[in-house]
Amino acid sequence: MVTFQYQGFQGVLGGGELPSQVMFTFGSQSNFTIGELVHFETDAIGQELLTIKMRPQFGFLPHIKEGVLSKEDQRRVESALDDVVQGFRSSPPASVIDRCRDALTVFLSIELQISGKDLGYLIKKYDAVTETRTVVASLAHTVARLHARGKPAETKFPPVSDRQAELAVGAVSEVLVSLRWATWSQVVI
């Protein structure tokens, strides 16, 4: 339990109106979960009551299978996943989506044994190799479109949100499983 003895919660936020979305990180750097403020009220004696909805899915990614990838490729995959996790903990949604896009680029580069190409090229190549649109290509395409929406030039769309960042993280997870590199065991990263 966190209490604010000298300054209330609103004081920590700078007073005034609460932002539309307040997120909390609980745990350590390597084992964490995220919570979202869903209700805030002050009781009759001035004590602040916060209701936080936990979002445990952000502390979980599929477990990478041993021996499926070469040591170098496994290191690249784990590094990309570390970037996604660190981004999610401390970055705005557009940055999380960027890191997910980077991770998917790494995954498809490994799968296709192609280096130095962007995600759009890799998606087209993956479609050509599999001769059909797969879950892998569809999810990668979705993250690529979310990435484009995060750019200032794509002003006809609303700004990307935490929900879109969630979608991108889920896409990264499902691509790992669909490539058969990972399983959905409850392993905390």
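Me: In helix α2, how many residues apart are R75 and E72?

Reply: In this predicted model, the side chains of R75 and E72 meet in a salt bridge, at 2.7 Å from N to O. Both partners are partly exposed, R75 with a relative accessible area of 44% and E72 with 42%. About one helical turn separates the two in helix α2, because they are 3 residues apart.

Me: Which residue forms a salt bridge with R76?

Reply: R76 is partly exposed, its relative accessible area being 29%. The closest N and O atoms of the pair are 3.5 Å apart, and the partner is D73.

Me: What is the N to O distance in the salt bridge between E166 and R163?

Reply: E166 and R163 both lie in helix α6 (residues 162–178), about one turn of the helix from each other. E166 is partly exposed at 21% relative accessibility, and R163 is partly exposed at 43%. A salt bridge requires a side-chain nitrogen within 4 Å of a carboxyl oxygen; here the N to O distance is 3.2 Å.

Me: Which helix gives the largest share of the negative patch?

Reply: The surface patch of negative charge gathers E66, E78, D82, D83 and D102. One of these, D83, is found in helix α2. D83 can qualify on accessibility because its 42% counts as partly exposed and patch residues need over 30% relative accessible area. The largest share, 3 residues, comes from helix α2 (residues 71–90).

How values were computed
Residues are numbered from 1 along each chain as its sequence is written. This is a predicted model: local features need pLDDT of at least 70, side-chain atom pairs count only at pLDDT 80 or more; totals for chains, interfaces and linings use all residues. Side-chain values use heavy atoms; hydrogens and water are left out. Patches are made of residues with over 30% relative accessible area and no salt bridge: like charges are joined within 9 Å, nonpolar side chains (Val, Leu, Ile, Met, Phe, Trp, Tyr) within 5 Å. Accessible areas come from the Shrake-Rupley method with a 1.4 Å probe; for residues, only the protein chains shown count as cover. Lys and Arg count as positive and Asp and Glu as negative; His and the chain ends are not counted. The place of a charge is taken as NZ of Lys, CZ of Arg, CG of Asp or CD of Glu. Helices (H or I, at least four residues) and strands (E, at least two) are DSSP runs, numbered from the N terminus. Buried means under 20% relative accessible area, exposed over 50%, partly exposed in between (1.4 Å probe, protein chains only).
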